[in-house]
Amino acid sequence: MNFDPNLIRNFSIIAHIDHGKSTLADRMMELTDTVAKRDMEEQLLDSMDIERERGITIKASAVRMFYHHTDGKTYMFNLIDTPGHVDFNYEVSRALAACEGAVLVVDATQGIEAQTLANVYLAVDNGLEVLPVVNKVDLPSAEPERVKKEIEDVIGIPAEDAPCISAKTGENVSEVLSRIVDTVPAPTGDPDAPLKALIFDCLYDNYKGALSYVRVFDGTVKTGTRIRMMASGSEFDVTEVGVFAPTWKPVDSLTAGEVGYIAASIKSVAETKVGDTITEASRPAKEALPGYKQANSMVFCGVYPADGAHYDDLKEALDKLKLNDASLSYEHETSAALGYGFRCGFLGLLHMEIITERLEREFDLDLVTTAPSVVYHVYTLDGQKIVIDNPSNLPNAAEIDYMEEPIVKATIMTPSEYVGTIMELCQNNRGVFVDMQYIEADRVNLHYVLPLNEIIYDFFDSLKSRSRGYASFDYELSGYAKSELVRLDFLLNGEMCDALTTIVHKDRAYAKGRAVAEKLKDVIPRQQFEIPIQAAIGSKIIARETVKAVRKDVLAKCYGGDITRKKKLLEKQKEGKKRMRQVGSVAVPSDAFMSVLRING
Amino acid sequence: MIGVYVHIPYCLRKCRYCDFCSVPIDETAGRYRSALIKEIALVKDKYPGERVKSVFFGGGTPTALPAEDLCAILDAIRDAFPLEPDAEISIECNPKAIGHEGLKRLFEAGFNRLSIGLQATQNELLRRIGRVHTFEEFFATYQAAREAGFTNINIDLMHGLPGQTQDDYLDTIRTVAALGPTHISAYSLILEEGTPLYDDVIAGRETLPDPDAVADMEDAGMDLLEELGYLRYEVSNFAKPGFACRHNLIYWHNEPYLGLGVAAHSSMVEDGFWVRFSNESNIPAYLKKLEKGKLPRAERILVNTFEQMFESVMLGLRLVEGIDRAAFSARFGCDVIETYLEAYQKNDRFGFWDHSDPAYLRLNRLGMDHLDSILRDFRERRLIDFLR
């Protein structure tokens with residue numbers, strides 16, 4: 001027998017990093033006896049090491065709770081967690097689409113941040129009821145009344161009686177639970193209609209295969225149901241359905257209004273695409289739920305094993321990660337400087353960092369990564385359009401008619417005292433000012449249009465340092481725009497190093513060329529000969545630095561007692577050389593390729 | 001024909017940069033002399049009739065022991081092995097660690113080459129590196145050595161010392177050369193881990209001149225030495241014509257030598273095999289073994305032909321003369337350039353070889369500056385490829 005849909009509440013929590021989302025979720029699980037306190041790992045929802053260290057959620061996740069309300073009834077709460085980073089905007093939108101309501105958590109000492117705002121808008125767009133909650137009222141610097149007013153002014157929802165809580169101490173958290181019952185609508189849907197289940201997340205399990213995390217909108221699904229993925233058309237037989245209690249717990253069926261998982265011996269998460277609709281093969285729904293999009297890689301970089309012998313290990317590791325991450329793409333590429341490796345595509349810079357970090361940590365690989373690149377559209381004189389994700393594949397300037405680069409709409413929220421320095425930063429990064437709104441007397445919301453290329457390097461870090469950490473940032477892709485771009489090459493001792501090639505705006509090429517050449521001069525060790533480092537656009541040299549030759553590389557003393565020691569020393573030095581990449585005649589340390597991107601040219 | 005090295009591990013006080021096996025002179029010194037003489041008796045039986053062309057007493061500061069002990073040890077060697085009539089018999093000494101009488105006794109006992117550690121003529125620099133003597137004390141020792149009869153004298157110098165300028169170094173060379181020794185060793189300071197100087201530099205209490213400045217110093221010093229008639233014949237060694245140190249040439253020619261005393265290393269032919277071995281490296285262990293009547297050996301390795309070849313290259317390229325290709329072929333049955341063709345060619349592109357005499361594989365001055373990187377290239381040659 002299925003649960004009365006009128007007693008179900010499906011909701012998610014929206015919050016800025018560190019505003020207390022995971023802590024609140026933990027308290028809710030404790031209060032509803034979903035998990036015993038002693039079983040709680042700190043912050044149960046963020047379960048990956050990297051997630052915990054960075055304090056962000058990468059994958060969505062869900063948990064079912066039973067709440068005994070003061071009206072005497074027991075409600076089923078399905079809390080669907082959302083990823084907390086702009087790279088995963090689409091995943092956030094699908095997780096929100098699975099809910100009827102959202103709890104908006106705002107830090108009483110900070111106020112609304114850009115990221116929160118973007119997600120609240122997503123929630124409102126998806127027709128969710130928003131329940132504002134002011135958190136961290138136990139802190140001395142808390143200003144709950146100011147924050148409530150800000151919520152009303154900026155988001156335009158009433159916040160006068162928003163619960164003021166401390167997720168840390170548990171103060172008033174029970175009020176949030178009871179307000180969820182009142183604020184979030186019960187799901188509607190027809191349990192007898194053709195099946196419509198939204199995939200809001202997926203996960204690969206070694207035993208069950210790829211699992212779809214779903215919200216059922218219409219119909220019922222149970223073991224043995226033959227299902228069809230509406231976007232891909234693939235069909236599978238369901239082997240298990242279950243709920244998050246909070247770990248996987250098989251149930252007989254999932255029906256309209258419920259949240260759970262579906263296992264169907266699916267080999268890869270490529271078949272369980274987030275946003276897709278699952279229906280019955282024998283009685284398909286007329287149309288899929290709206291909003292499905294193919295995930296597109298926005299940022300690309302070359303990933304190479306530091307030791308060429310580990311190419312196969314890297315491939316195996318990428319294959320494994322791909323099982324669980326449909327948004328990761330990669331294909332083999334060869335670099336003259338770095339040998340065999342892969343060009344990998346990511347949703348954004350954070351996604352890239354997470355993947356490379358997981359490759360190094362979980363698979364114990366030593367990697368060389370090249371500077372990230374966006375995807376450029378190149379229109380040649382003979383009327384072709386070429387899509388370039390690796391700068392060294394850019395055709396000759398003489399063959400190019402024009403180029404386009406991806407552009408984003410950026411929202412920056414900041415205390416007004418930093419507006420000047422932030423506008424300068426945006427200007428330096430080719431930003432075009434759109435508008436500025438005062439949220440309060442001393443806080444503003446800035447809108448800029450920026451080339452994606454300019455924000456994938458260290459824009460976010462610069463923003464944080466210029467605003468002493470107070471500014472927050474969010475962006476969405478807004479298409480492509482024509483741009484005067486050039487290919488910037490680097491030559492070491494006269495030989496081009498393809499792994500260092502980048503595409504930059506022509507006005508920035510000189511500064512960038514100089515900065516990178518200077519950086520290379522610092523990271524390339526002195527060798528037996530002088531090494532000219534040149535930055536070039538086509539055949540034109542725009543910057544030059546020189547690594548001086550080693551003056552003395554000879555041991556002053558070598559007598560009878562030193563021979564064995566001397567041989568050992570030579571062996572050790574040779575080992576050190578192995579960590580270097582040979583670019584023509586020049587040995588370059590593996591990390592030089594990445595260090596180059598830490599430059600805001 | 002071999003060389004014999006005798007290690008005397010005592011000093012009046014250890015210098016701040018020194019990582020050699022040496023300790024301040026203590027009560028073990030008497031037992032040490034007996035142990036050495038016992039070791040000589042043991043090796044005499046192991047290598048009967050081995051002819052000796054050079055003897056070298058090094059340390060430490062050999063003259064930290066009484067001259068009579070040193071003479072007794074030399075006599076023991078003479079009794080054990082036939083010494084060539086023109087054998088070079090060297091002893092290292094430090095100013096302050098020997099007087100006029102002692103020097104005289106050494107000369108009379110047959111020591112015919114003296115090596116004096118000076119390092120620099122500026123007393124402030126000597127103090128900073130922990131030398132126990134002043135320049136004036138060195139000068140007195142040098143005069144006493146001449147008076148005692150020594151004509152073949154080496155003086156050790158260093159560059160790259162804390163606080164040292166190029167002028168300091170060149171002044172040192174001029175002052176020393178004016179005394180007319182036959183040989184000058186000029187070493188670049190090596191900062192060795194575990195020494196007080198190393199700790200001071202790491203902790204920022206002491207600073208060394210910048211490496212480019214040291215290289216300038218070294219180059220200027222080399223020019224000056226040659227100008228003053230001291231010809232470079234090895235990376236750090238300069239001599240008047242005919243006065244290269246014959247004992248040290250044994251090492252650089254990769255010829256056999258027998259090391260006696262604590263921590264001494266040897267390369268000898270035993271049962272037709274080339275072996276390298278070392279003695280116990282601490283004094284109590286060394287004494288204990290000998291007092292039980294056993295050879296004080298610690299490690300012993302067989303050196304195969306391939307490794308011997310590399311060692312011959314590693315040592316031979318230190319010499320300005322380079323490697324005698326005919327001698328190399330006679331010893332190993334292959335030509336040195338053909339054997340290491342890849343490394344040879346790579347470094348030829350850098351212009352590191354001196355092509356003036358095709359009978360030798362010889363580095364030019366620039367190549368000598370890059371010796372270690374050249375050796376790393378030679379080291380790339382693998383035994384397995386060589387055997388093919």
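Two strands are taken to pair if DSSP finds at least two bridges between them, and strands (E, at least two residues), like helices (H or I, at least four residues), are DSSP runs numbered from the N terminus. The structure is a predicted model, in which local features need pLDDT of at least 70 and side-chain atom pairs count only at pLDDT 80 or more, whereas totals for chains, interfaces and linings use all residues. Residues are numbered from 1 along each chain as its sequence is written, while chains are lettered from A and ligands numbered from 1 in the order in which they are written.

In chain A, an open sheet is formed by four strands in the order 17-18-16-19, with antiparallel pairing. Because strand 17 (329–335) and strand 19 (367–369) of chain A stand at the edges, each with a single partner strand, one side of each is left without a neighbour in the sheet. Neighbouring strands of this sheet are turned by 30° against each other on average, direction ignored, where axes are lines fitted to C-alpha atoms, for helices over the stretch in contact, and angles run from 0 to 180 degrees between N-to-C directions. Within chain A, strand 16 (residues 299–305) and strand 18 (residues 339–346) run antiparallel and are joined by five bridges, with A:C301 standing opposite A:C344 of strand 18.

Further along chain A, strand 24 (residues 443–451) pairs in the antiparallel sense with strand 22 (residues 400–415) over nine bridges, and A:N445 in strand 24 is the bridge partner of A:M413. Strand 24 of chain A is also joined by seven bridges to strand 23 (residues 432–440), again in an antiparallel arrangement; here A:Y438 has A:V444 in strand 24 as its bridge partner. A hairpin of two residues connects strand 23 to strand 24 in chain A.
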